[in-house]
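Please consult the sequence and the structure as each section is read.

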Amino acid sequence: MHCPYCRHTDTKVLDSRVAEDGGSIRRRRQCQGCEKRFTTVELMQLTVLKRSGATEPFNRDKAVAGVRKACKGRPVTEDQLACLGQEVENTLRTSGYAEVPAHEVGLAILAPLSKLDQVAYLRFASVYRQFESADDFEDEIAKLRAERDLSPIG
């Protein structure tokens, strides 16, 4: 860790605290060169394992971009999309794995999207699950209806 004031490479950790959400650690440091204090925050790096075998850092904006296409022309706001993106990231982080397969990102999107907008959900699911016929849509609509009928009213 380089000191942000003098670029010295030797720093001492004075205090460490885990954030309330458990997803990061805040460290209070002191430079051994100039003795100034500064704070750092460490976050767990969440990576996505793509079908090709390559890995890349999880990008919430990229996940939301795919959902945004499915929501085109639907009454879904940018704030709702941002909340969905946060929910997807939280779901992936709480899985406990630092590396998640790409298909798990899609699965993490489906549940909150079905609650947000069922038409957008069907659009997204049709691409994600590679629907090939009207029967695939009918099956998915039947599942949505069954979930709606089972959920408590309110």
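In what order do the elements of the chain run from the N terminus on? They run β-β-β-β-β-α-α-β-α-α-α.

## Basis of the report

The model is predicted: local features need pLDDT of at least 70, side-chain atom pairs count only at pLDDT 80 or more, and totals for chains, interfaces and linings use all residues. Residues are numbered from 1 along each chain as its sequence is written, and side-chain values use heavy atoms, with hydrogens and water left out.

## Overall form

The chain holds 5 helices and 6 strands. These are DSSP runs numbered from the N terminus, helices being H or I with at least four residues and strands being E with at least two.

The radius of gyration of the chain is 21 Å, whereas a compact globule of 154 residues would have one near 15 Å. This radius is taken over C-alpha atoms, and the globule rule is 2.2 Å times the number of residues to the power 0.38. Along the principal axes, the C-alpha atoms fill a box of roughly 70 × 40 × 30 Å.

## Burial and the nonpolar core

Of the 154 residues, 29% are buried. Buried means under 20% relative accessible area, exposed means over 50%, and partly exposed lies in between (1.4 Å probe, protein chains only).

The largest nonpolar core has 26 residues, and those touching the most other members are F58, V67, L92, V105, I109 and L113. At least two residues of this core come from each of α1 (60-70), α2 (78-94), α3 (102-116) and α4 (118-128). A nonpolar core is a set of buried Ala, Val, Leu, Ile, Met, Phe, Trp, Tyr and Cys residues joined through side-chain atoms within 4.5 Å.

## Contacts of F58 and T47

Which residues does F58 touch, not counting residues up to four places away in sequence? They are Q45, L46, T47, V48, A63, V88, E89, L92 and V105. Contact means heavy atoms within 4.5 Å.

One of these partners, T47, lies in strand β4 (residues 47-49). T47 counts as buried because its relative accessibility is 19%. Residues up to four places away in sequence aside, T47 touches E56, P57, F58, A98, E99 and V100.

R26 belongs to strand β2 (residues 24-31). Its relative accessible area is 35%, so R26 is partly exposed. Residues up to four places away in sequence aside, R26 touches D15, S16, R17, T39 and T40. Its C-alpha atom is separated by 21 Å from that of Y97, 71 residues apart along the chain.

Apart from neighbours within four places in sequence, E140 is in contact with Y121, L122, R129 and F131. The C-alpha atoms of E140 and C83 are separated by 24 Å, and the two residues are 57 residues apart along the chain.

## Positive phi values in loops

Most residues other than glycine have a negative phi. E35, in the loop between β2 and β3 (37-43), has a positive phi near 70 degrees. E35 counts as exposed because its relative accessibility is 57%.

Q130 is found in the loop between α4 and α5, and its phi is also positive, near 55 degrees. With a relative accessibility of 56%, Q130 counts as exposed.
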